[in-house]
Amino acid sequence: MSKRALKRQLREGAFDAGQFEGDDKIRRLPVDRGWSPLAHHNDDREQGYLKTIKAKSPGQQELIDAIDAKNLVMALGPAGTGKTYLAIAKAVEALEAGSVGRIVLSRPAVEAGESIGFLPGDAEDKLAPYLRPLYDALSDRLSMKRVRALMAEGAIEIAPVGFMRGRTLNNAFVVIDEAQNCTYTQLKMLLTRLGWHSTMVVTGDPDQSDLLPEFSGLKPVATKLEAVPNIAVVRLADRDIVRHPLVAEMLGVL
């Protein structure tokens with residue numbers, strides 16, 4: 001067959017490879033029709049992906065052990081010690097394991113020198129910047145698509161402190177973040193929300209409150225609860241800071 005005829009057949013879709021059997025120019029490569037990307041090393045292949053929580057300092061290990069052992073834990077320490085991250089990571093771990101039915105995250109909406117009244121939108125939109133750090137910590141453990149799905153079905157709830165009054169939180173992992181911006185009365189209200197089969201972790205830095213020192217209730221509450229055997233108060237220090245080394249150096253002089 002001439003090259004012109006071959007090109008015409010290819011162009012018209014009439015090409016039949018059978019008529020070229022025995023032609024040295026046609027080379028057939030062996031193809032394994034049963035091959036699958038999952039067929040090899042199936043036993044060694046990890047089907048799911050879940051980040052494991054590893055402590056980066058003795059203080060962080062103490063916090064992880066306390067969350068595993070107690071139903072109420074207070075984690076106090078400077079910025080960058082991983083208080084919020086570890087608390088939310090343990091909350092996600094408990095939810096994924098089926099130990100709790102939901103995660104409840106809360107933090108106070110305190111204006112640190114700024115005003116949110118001018119922000120557009122309804123109350124939920126105005127509070128979103130204050131709750132953003134909780135979303136960031138969640139998205140680091142779960143994809144945002146899964147976070148949105150769990151929030152839609154009520155398995156994850158994020159709310160400001162003011163929305164917690166009058167509730168009983170059963171079968172839940174509760175994280176109260178930025179507790180140094182809660183008054184003594186607010187903290188008392190929050191701590192008494194704890195219900196059956198629930199764990200609560202309260203995080204905050206007593207030395208970095210946006211309230212006047214006499215109004216912040218974190219330090220006096222932690223001091224009083226430290227004497228209760230079934231409550232763990234973990235005090236993290238500068239050596240537990242896992243952010244940039246300059247953070248620890250700055251906090252040492254500021």
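When I say two residues touch or are in contact, I mean heavy atoms within 4.5 Å. This is a predicted model, where local features need pLDDT of at least 70, side-chain atom pairs count only at pLDDT 80 or more, and totals for chains, interfaces and linings use all residues. Residues are numbered from 1 along each chain as its sequence is written, and side-chain values use heavy atoms, with hydrogens and water left out.

Start by selecting Gly77, in the loop between β1 and α3 (83–97); helices (H or I, at least four residues) and strands (E, at least two) are DSSP runs, numbered from the N terminus. Show what surrounds Gly77: not counting residues up to four places away in sequence, Gly77 touches Lys83, Gly204, Asp205 and Leu236. Gly77 counts as buried because its relative accessibility is 5% (buried is under 20% relative accessible area, exposed over 50%, partly exposed in between, with a 1.4 Å probe and protein chains only).

Next, pick Gln60 in helix α2 (residues 58–69). Gln60 is buried too, at 4% relative accessibility. Leaving aside neighbours within four places in sequence, the contacts of Gln60 include Thr81, Gly82, Leu236 and Asp240.

Last stop: helix α7 (residues 218–225), where the buried residues are Leu218, Val221, Ala222 and Leu225. They lie on the same side of α7, because they cover an arc of only 100° around the axis, taken from the directions from the helix axis to the C-beta atoms. Now colour what they pack against: β1 (72–76), α6 (184–191), β5 (199–204) and β6 (231–235).
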